[in-house]
Amino acid sequence: MRDLKFKKNPGMSWVDVDREVHTFMAGDLSHPRSREINESLEKLIEKLKLLGYVPDTRFVLQDMDEELKKRSLYYHSEKLSISFALLMSSNKNSIIRIFKNLRVCGDCHSWIKFVTKVSGREIIARDAKRFHHFKDGLCSCGDYW
C-alpha cells in the first residue's frame, strides 16, 4: 500500500455541545480538557464493564498484545466525543449528536448502546454509511451496519 501511496484517513468525530463543535481524533490529547475527558471516560468504561461491556479486540487491526488492544479501543474518537458531551453539556437530558468521518467500529457501536443504558441519554451518530439512533441500549440500525 505504501508503494501505491495509499494513505488511511485518521478516525475523527465531531460533537456539538451547547452550540459549540468539538473535534476529536483517536487517542487525542490536544483538547484543553483532555485530562478530565479521559478520567471521565475511564470511570464510564468501568461502569459499563459491570453491566457486561467487554472490549471487542477483533476490531483492532494492529499487531499488539491483547491488553494494549483493549486500551487502544478505549480512546476511539467517538468514545472521547461522547465522554466529553456527557461531562460538559449543560442540559443533561439533551440528545448527544456526533458525526464521524469513518464507519463506527463494532466495539464502539456496542459501547454506545451500553452508554445509553447507563446515562439515560439518546445518542445520534452519523458515520460514513448511515445514521444510528441509540436509545435504551438499542440502535435503530438493528445492529446491521
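Q: How many bridges join strand β5 to β6, and which way do the two run?
A: Strands of a sheet pair through backbone hydrogen bonds, either parallel or antiparallel. Here β5 (residues 131-135) and β6 run antiparallel, joined by two bridges, and Lys 135 stands opposite Leu 138 of β6. Two strands count as paired if DSSP finds at least two bridges between them. Strands (E, at least two residues) and helices (H or I, at least four) are DSSP runs, numbered from the N terminus. Please keep in mind that this is a predicted model, in which local features need pLDDT of at least 70 and side-chain atom pairs count only at pLDDT 80 or more, while totals for chains, interfaces and linings use all residues. Residues are numbered from 1 along each chain as its sequence is written, and side-chain values use heavy atoms, leaving out hydrogens and water.

Q: In what order do the six strands form the sheet?
A: The order is β2-β1-β3-β4-β5-β6, in an open sheet with mixed pairing.

Q: Which strands does helix α4 lie across?
A: Helix α4 (residues 106-119) lies across β4 (123-126), β5 and β6, and runs at about 35° to β5. Axes are lines fitted to C-alpha atoms, for helices over the stretch in contact, and angles run from 0 to 180 degrees between N-to-C directions.

Q: How do α1 and α4 cross?
A: Two packed helices are described by the angle between their axes and the distance between the axes. The axes of α1 (residues 34-51) and α4 come within 10 Å and cross at roughly 90°. The two helices are therefore roughly perpendicular (65 to 115 degrees). Contact means heavy atoms within 4.5 Å; residues of α1 including Leu 41, Leu 44 and Leu 48 meet α4 residues, among them Trp 111 and Phe 114.

Q: Is Ser 13 buried or exposed?
A: Buried means under 20% relative accessible area, exposed over 50%, and partly exposed in between (1.4 Å probe, protein chains only). Ser 13, in strand β1 (residues 12-17), is buried at 0%. Its contacts include His 22, Phe 24 and Phe 99, not counting residues up to four places away in sequence.

Terms used. Parallel < 35°, antiparallel > 145°, perpendicular 65-115°, else oblique.
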